[in-house]
Amino acid sequence: MNIPLEDDEVAYLCGRTGTLAVVRTLGQFFYLDTDSDEIVIFTDDDDLLVASTFEVGERARRGLFCTLYLIREMGSPLIVLPKGHPASPRLKTVVSVGEKTRIKCDIQAGTHPEQDVLCGTGELDGVEVLSAPGGAEVKNFAGVVIKEKLH
Amino acid sequence: MCTVGGGPDIGDVESIAPKGYICQDCGNKFKGMGRRPRCPSCQSRNVKPTE
């Protein structure tokens with residue numbers, strides 16, 4: 001499935017138990033901040049920001065929208081919590097940056113920074129979101145796609 | 001990469017392998033990942049690896 005994405009568009013991949021949201025990075029860079037270090041993540045024009053939540057419906061889409069808006073439009077850094085931090089179970093969205101994202105349901109949220117995996121619900125396990133010229137190519141997804149403006 | 005918007009949770013940051021860079025225009029030193037590095041301070045692409 002190919003999903004064309006304008007610069008100001010977000011696409012929601014809506015499942016029955018979880019939701020993904022996708023925007024293009026537009027070649028921007030993003031800060032990844034730990035308690036002791038700062039790393040700059042550089043992207044290509046067609047790379048993607050993918051956010052995932054374990055919720056569905058309007059509330060889920062609004063949350064993902066805000067997450068992606070904060071990161072891409074407002075330059076909010078990705079603040080890294082150490083493994084086992086007590087806030088981890090309460091975090092509502094996870095985010096992937098790059099040319100490829102694979103959804104896996106059996107990983108601990110946020111513990112795979114070196115890989116192209118992102119945690120999601122079991123229903124979305126195996127979904128792949130790949131960068132493509134002017135949009136995204138999505139594999140192994142059979143749900144509903146909703147697009148809206150990211151502004 | 002699996003991070004969380006607002007409060008990203010990456011437990012194994014040591015496994016990330018960023019490169020060190022220095023900007024040839026403004027002298028800014030930074031760590032980065034990706035194919036097209038540029039200085040996050042002055043936006044210049046005139047950067048070189050430091051290692």
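**View 1. Helix H1 of chain A.** The expected span of a helix is 1.5 Å times one less than its number of residues. In this predicted model, helix H1 of chain A covers residues 57-73, 17 residues in total. From its first C-alpha to its last, H1(A) reaches 23 Å, close to the 24 Å expected at 1.5 Å a residue. The buried residues of H1(A) are A:Ala60, A:Arg61, A:Leu64, A:Phe65, A:Thr67, A:Leu68, A:Ile71 and A:Arg72. Seen down the axis of H1(A), these buried residues fall within an arc of 165 degrees, so they line one face of the helix. A:Gly75 follows H1(A) and has a positive phi, near 70 degrees.

View 2. Strand E3 of chain A spans residues 19-24, and six of its six residues are buried, so the strand is largely enclosed by the rest of the structure. In a regular strand the side chains alternate between the two faces of the sheet. In E3(A), A:Thr19, A:Ala21 and A:Val23 point one way, while A:Leu20, A:Val22 and A:Arg24 point the other way. Strand E2 of chain A (residues 9-14) pairs with E3(A) in the antiparallel sense over four bridges. E2(A) and E3(A) form a hairpin, with four residues between the two strands. Strand E6 of chain A (residues 48-53) also pairs with E3(A) in the antiparallel sense, over six bridges.

**View 3. Surroundings of A:Leu49.** A:Leu49 is found in strand E6 of chain A. A:Leu49 is buried, with a relative accessible area of 0%. Leaving aside neighbours within four places in sequence, its contacts include A:Ala21, A:Val22 and A:Val23, which are residues of E3(A). Contacts of A:Leu49 also include A:Leu68, A:Ile71 and A:Arg72, which are among the buried residues of H1(A). A:Met1 lies 48 residues from A:Leu49 along the chain, and the C-alpha atoms of the two are separated by 18 Å.

**View 4. A six-strand sheet with strands from chains A and B.** This open sheet has the order E7(A)-E4(A)-E5(A)-E2(B)-E1(B)-E3(B), with mixed pairing. Strand E7 (78-79) of chain A and strand E3 (47-49) of chain B stand at the edges, each with a single partner strand, so one side of each is left without a neighbour in the sheet. Strand E4 of chain A (residues 29-33) runs parallel to E7(A), and two bridges join them. A:Asp33 has A:Ile79 of E7(A) as its bridge partner.

**View 5. A five-strand sheet in chain A.** The strand order in this open sheet is E1-E12-E11-E9-E10, and the pairing is mixed. Its edge strands are E1 (2-4) and E10 (117-119) of chain A, each of which pairs on one side only. From one strand to the next, the twist averages 25 degrees. Strands of a sheet pair through backbone hydrogen bonds, either parallel or antiparallel. Strand E9 (residues 100-104) and strand E11 (residues 128-132) of chain A run antiparallel and are joined by three bridges. A:Thr101 stands opposite A:Val129 in E11(A).

Notes: Residues are numbered from 1 along each chain as its sequence is written. Chains are lettered from A and ligands numbered from 1 in the order in which they are written. This is a predicted model: local features need pLDDT of at least 70, side-chain atom pairs count only at pLDDT 80 or more; totals for chains, interfaces and linings use all residues. Side-chain values use heavy atoms; hydrogens and water are left out. Two strands pair if DSSP finds at least two bridges between them. Buried means under 20% relative accessible area, exposed over 50%, partly exposed in between (1.4 Å probe, protein chains only). The arc is that of the directions from the helix axis to the C-beta atoms. Contact means heavy atoms within 4.5 Å. Axes are lines fitted to C-alpha atoms, for helices over the stretch in contact, and angles run from 0 to 180 degrees between N-to-C directions.
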